[in-house]
Amino acid sequence: MILADLKNKIKAALNLESAIFAYPTDSELGDLSLACFELAKSRHESPAKLAEELADAARNSQEIMNYFQAVKAVGPYLNFFISPFFLADNVLMTVGKEAEKYGFNTLGGSKRVMIEYSNGNTHKEYHVGHLRNISYGDTVSRLLHANGYEVIPVSYINDFGIHVAKTIWRWKQDSSYQSSTEDKGYLLGKCYAVASQLLKDDPAGKEEVSDIMKEIESRSGDNYKLWTETREWSIKYFDSIYQELHIKFAHIFYESEVIDAGLALVEGMKKQGILRLSEGAIIADLEKYGLGVLPVIRSDGTALYPVADLALASEKFQKYNLDESIYVVDVRQSLYFEQLFKILGLMGYRQSLVHLTYDFVTLPGGMMSSRTGNVVTYQELKEQVLTKFLAETAQRHSDWKPDRIHEVALNLTISTIKFEMLKVGADKIITFNIDEAARFDGYTACYLQYGYARLKSIMRKDPPDDHLSVDATLLREPAEKKILIALARYQEIVVSAGEKYSSSEITKYLFELVQLSNDYYHEINILKAESGIKRARLALIKAVAQVLKNGFTILGMEALEEM
RNA sequence: GCGCUCGUAGCUCAACUGGAUAGAGUACUUGGCUUCGGACCAAGGGGUUGCAGGUUCAAAUCCUGCCGGGCGCACCA
């Protein structure tokens, strides 16, 4: 890696055991900096004096001066100015050669990691909360892949809970659902929302729902048949969403397929003493670990959700030979996952288990919940954003055919939705403001796409040469050096974001790269420059476009050539 | 009650996990289309990082105590 290599060269040449580098707040100060506080302490020296000494040593080191044009001590900081020629050559070469693999590394050592996300419920709506989950899960999955892990993305769909019976209960009451021309899978979600409202104060209805559920669990009868049919609609609907969002799972698990194995597990776990009877229910008593009590089987003998989760976990471990298993699930289930992981530990599983949390999505109006019905579904959100982008795109491209306008507007819609979900830290609640999200300026997906499209537009007018045939030393503008350093940093950003499962680090990096690129665009003319310089500048923007595209890919966004 | 979490510019968020003058976007004010796509760029004002202590050469970041919001704590997922 370009910058990591430079850091190692400094460490070796100056004989530093450990050194933590940073990037100066102001590029005037240098390109790479080393704070000397720690080092000075262990050597019983003043940091400023040590910085001076190290600067002298660095300047006398041929090895260092091959790569740096200057080394300066500023107070307790040792600042390095990377040689622009070395940088330009190395960056254009590396990005050009590695292309769509630029930014990838092998740190993961091919460890097998399963990551579970999306986790919808059949017969329920797919709403903006799910969108945060799927966007985040997909990005973490791609990040781990880029960091050299062998990633197995999976989804787990709950198709067998009481929510299913509620939906079916309502579905049979209201014939308008069946005559509707809307997508049946989508309708089921709406139907569920109505059902849960109606059932709030309807004890008789709840009885009926309970009977329906029992019939489904018995896997026979009319309600079971209806379950089979409606379940397919939901699954098809989810598939269409995944396709639209360009998300692929290696496998999708269903609760109905693991629940029996779970019930069998419970028996064995009782014998092992992991589970026991309490107040008529079967529980895992985790008080001694400070994790309270987790009920597993209701006192009426029916299964609760941990049953399926335990079976699912053991199936994952047995079938896939995993080193690590990641669950991308809402932070509100933190305690539950601590309990689940503890139980799996007691069962003897030693794989590394990670509950990757994120906070929920609200609307300016209030909370999202399928049970209260105050939800914005994926469909509704998409329509609203899409409408805006369709109008905007049509206005700018009167010569485009409707299909093309739709294609571009849909891309912007998906990009926008994902970007909004990914740009804030996972520990922050997102208040999804549609008008703010669907803007064209500021820290938005459209701004990034526009920056990319404009670079591609230049490249169409005068296609860049292969990186080997340009003279990179002609890139002498300060703006060019800034961009080159930013391009080099991409490799480190991927590592850092991967370690922290941080999607926002990628979005922020890309935003800043586009800002630099836009500055450059305005400040420096490319096509009108003298031939040699023009070739070098074209090669530079080609590299920028490549890195943007690579970053977009990690975010699950498809780069637009024109918009 | 116990536990987790968040609190940074009017608003939405950053801050490389303890380092240089706390940065962006938006909003507001102003300037730039003889421009490689103005869905852009430039400039300006805007901060006691919830409060009070402590640790440290150095704190938005770590510790303690308050204040305020959110979430979770046995048969919902």
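Which domains does the domain assignment of chain A give?

1. The assignment, which is automatic or comes from a database, gives domain 1 (2–82), domain 2 (117–256 + 305–362) and domain 3 (416–555). This is a predicted model, in which local features need pLDDT of at least 70 and side-chain atom pairs count only at pLDDT 80 or more, while totals for chains, interfaces and linings use all residues. Residues are numbered from 1 along each chain as its sequence is written, and chains are lettered from A and ligands numbered from 1 in the order in which they are written.

2. The centres of domain 2 and domain 3, taken over C-alpha atoms, are 36 Å apart. In domain 2, 19 residues are in contact with 20 residues of domain 3 (C-beta atoms, placed from the backbone, within 7 Å). On the domain 2 side, α6 gives the most, with 11 residues (helices are DSSP runs of H or I, at least four residues, and strands are runs of E, at least two, numbered from the N terminus).

3. Around RNA strand B there are 68 residues, of which Ser-33, Phe-37, Gly-425, Gly-442 and Ser-457 come nearest (a residue is near if its C-beta atom, placed from the backbone, lies within 6 Å). Helix α18 (residues 445–461) gives the most to this surface, with eight residues.

4. Helix α16 (residues 402–422) packs with α18 at an angle of about 125°, their axes 8 Å apart (axes are lines fitted to C-alpha atoms over the stretch in contact, and angles run from 0 to 180 degrees between N-to-C directions). Leu-412, Ser-415, Thr-416 and Phe-419 of α16 make the contact with Ala-445, Cys-446 and Gln-449 of α18.

Terms used: Contact = placed C-beta atoms within 7 Å.
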